[in-house]
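Welcome! Let us walk through this structure together, one step at a time.

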Amino acid sequence: MTNKRKLEDYYVFLNPHAKTLIEEYKIAHENKIWATAIILSLTIIDNILSDENCLEHIDGLDLNELKKSRELHWLRSRRNKILHYEGPTEGFYGSKDSLRVLKLDADRANKVINECFSKLFSLN
């Protein structure tokens, strides 16, 4: 049996802003507000990456690797396509498939944020 951590397990490392965003993120995910969950997941990660107090115990090489990761790049690209309209994008065509695409992307964003927290704040 694996011990899966919850985002709340990492609150000790976070500033009040990030904690509030996580609470909003959880509500969005639980209520199937998929686009909001995608947007908030990267917002939370960016908040952490820009807060030096959150990162004081993290090795710079590990941090750099995380910032350049393929998954974080995907999440940033997906969030930007949602926020900055430059034409139709997957999940927003209004078809039956749109909701499924957004849910899959929200699930992937959830995986990214959980892996990010795990890498940044390893709890032994």
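Which residue forms a salt bridge with Lys 111? In this predicted model, the partner is Glu 115, and the closest N and O atoms of the two are 4.0 Å apart. To find the pair, look along helix H5, where Lys 111 and Glu 115 sit four residues apart, about one turn of the helix. Lys 111 counts as exposed because its relative accessible area, 52%, is over the 50% cut-off. Glu 115 has 34% relative accessibility and is therefore partly exposed.

Why would two such side chains pair up? Side chains of opposite charge can pair when their charged atoms come close.

Next, turn to helix H4, which spans residues 70–83. Here Arg 76 meets the side chain of Asp 46 in a salt bridge, with 2.7 Å from N to O. This pair links distant parts of the chain: Asp 46 belongs to helix H2 (residues 34–49), and the two partners are 30 residues apart. How accessible are they? Arg 76 is partly exposed, with a relative accessible area of 31%, and Asp 46 is partly exposed too, at 25%.

Helix H4 also holds Arg 78, which forms a salt bridge with Asp 105, their closest N and O atoms being 2.6 Å apart. Asp 105 lies in helix H5 (residues 96–120), 27 residues from Arg 78, and this pair again links distant parts of the chain. Are these two residues buried or exposed? Both Asp 105 and Arg 78 are buried. Elsewhere, you can look for a network of salt bridges that links Glu 8, Glu 23 and Lys 26.

Setting aside neighbours within four places in sequence, Phe 117 is in contact with Leu 7, Tyr 10, Leu 14, Ile 22, Ile 44, Ile 48 and Ser 122.

Definitions and conventions: Residues numbered from 1 in each chain as written. Predicted model: local features only at pLDDT ≥ 70, side-chain atom pairs only at ≥ 80, totals over all residues. Heavy atoms only, no water. Helix = DSSP H or I, 4+ residues; strand = E, 2+ residues; numbered from the N terminus. Buried < 20%, exposed > 50% of the residue type's maximum accessible area, 1.4 Å probe, protein only. Contact = heavy atoms within 4.5 Å.
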